[in-house]
Amino acid sequence: TDADDEGLGGGGAAQSTLQESLYPSMADPKLFVVKIKGGMGRELAMRLMQKALDCEASGHSLGIKSVVAVDHLRDFLYIEAMKLDFVLSAVSGMRGVFRSRITLVPLKEMTHIFRSAGAKPEPKVEQWARLRREPYKGDLCRVEGYDAAQGLVTVKV
């Protein structure tokens with residue numbers, strides 16, 4: 001019927017509007033990418049969180065909303081704040097942070113940063129693979145079985 005068709009069409013437009021409302025806007029805090037010494041992302045994120053707690057206890061705000069250390073981007077730290085000055089004051093005095101390498105992430109790229117690197121495909125029985133651990137590292141093997149619950153792969157070398 002016509003009423004059913006209108007309901008389906010209206011739902012798609014409402015879904016589209018809902019998706020667009022989830023994207024960041026100019027009124028939201030900005031995301032800044034900070035170049036850091038490789039592999040220090042989690043440590044620096046923890047130090048910044050502790051610094052924010054200490055500032056909050058003393059009665060003033062650090063001015064940052066969140067800190068994110070993304071595992072697959074080891075040389076960068078993402079800090080969410082309203083202004084660059086808040087980010088600069090937050091990272092002042094911290095080792096491993098390159099203060100001259102702080103840039104604003106464009107609005108269109110903000111959502112792409114937090115996408116996962118992707119799941120690894122599950123091994124298939126009778127598929128060929130290479131071993132990664134000693135003493136057979138680099139050798140060719142054939143997958144004989146796979147237990148997804150335990151994450152165990154049985155191979156024939």
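Predicted model: local features only at pLDDT ≥ 70, side-chain atom pairs only at ≥ 80, totals over all residues.
1. A90 belongs to helix 3, residues 84-91. Helices (H or I, at least four residues) and strands (E, at least two) are DSSP runs numbered from the N terminus.

2. Residues are numbered from 1 along each chain as its sequence is written, and side-chain values use heavy atoms, with hydrogens and water left out.

3. Now the overall layout. The chain has four helices and seven strands, and from the N terminus on its elements run α-β-α-β-β-α-β-α-β-β-β. Of the 157 residues in the chain, 21% are buried.

4. How many salt bridges does the structure hold? The count is three, where a salt bridge is a side-chain nitrogen of Lys or Arg within 4 Å of a carboxyl oxygen of Asp or Glu.

5. The side chains of D75 and K35 form a salt bridge at 3.7 Å, N to O. D75 is in the loop between strand 2 (64-68) and strand 3 (76-81), and K35 is in strand 1 (residues 30-36), so this pair ties together parts that are 40 residues apart in sequence. D75 is partly exposed at 31% relative accessibility, whereas K35 is buried, with a relative accessible area of 18%.

6. The charged end of K35 sits over the ring of F76, 5.4 Å from the ring centre. The rule here asks that NZ of Lys or CZ of Arg be within 6 Å of the ring centre and within 35 degrees of the ring normal.

7. The salt bridge between E43 and R47 has an N to O distance of 3.0 Å. Both residues lie in helix 2 (residues 41-57), four residues apart, which is about one turn of the helix. E43 is partly exposed at 44% relative accessibility, and R47 is also partly exposed, at 30%.

8. R142 and E126 also meet through their side chains in a salt bridge, at 3.6 Å, N to O. R142 lies in strand 6 (residues 140-147) and E126 in the loop between helix 4 (110-113) and strand 5 (128-130), so the pair ties together parts that are 16 residues apart in sequence. R142 is partly exposed at 29% relative accessibility, while E126 is exposed at 55%.

9. Two backbone details deserve a look. E126 has a positive phi of about 70 degrees, although E126 is not a glycine. A cis peptide bond joins E134 and P135, with omega at about 5 degrees, and P135 is found in the loop between strand 5 and strand 6. For context, most residues other than glycine have a negative phi, and most peptide bonds are trans.

10. On the surface, Y136, Y146, V153, V155 and V157 form a nonpolar patch with about 420 Å² of accessible area together. Patches are made of residues with over 30% relative accessible area and no salt bridge, joining like charges within 9 Å and nonpolar side chains (Val, Leu, Ile, Met, Phe, Trp, Tyr) within 5 Å. The areas come from the Shrake-Rupley method with a 1.4 Å probe, and for residues only the protein chains shown count as cover. V157, one of the patch members, is in the segment after strand 7 (152-156) and is exposed, with a relative accessible area of 60%.

11. Finally, the cysteines. The disulfide count is zero, a disulfide being a pair of cysteine sulfur atoms within 2.5 Å.

How values were computed
Buried < 20%, exposed > 50% of the residue type's maximum accessible area, 1.4 Å probe, protein only.
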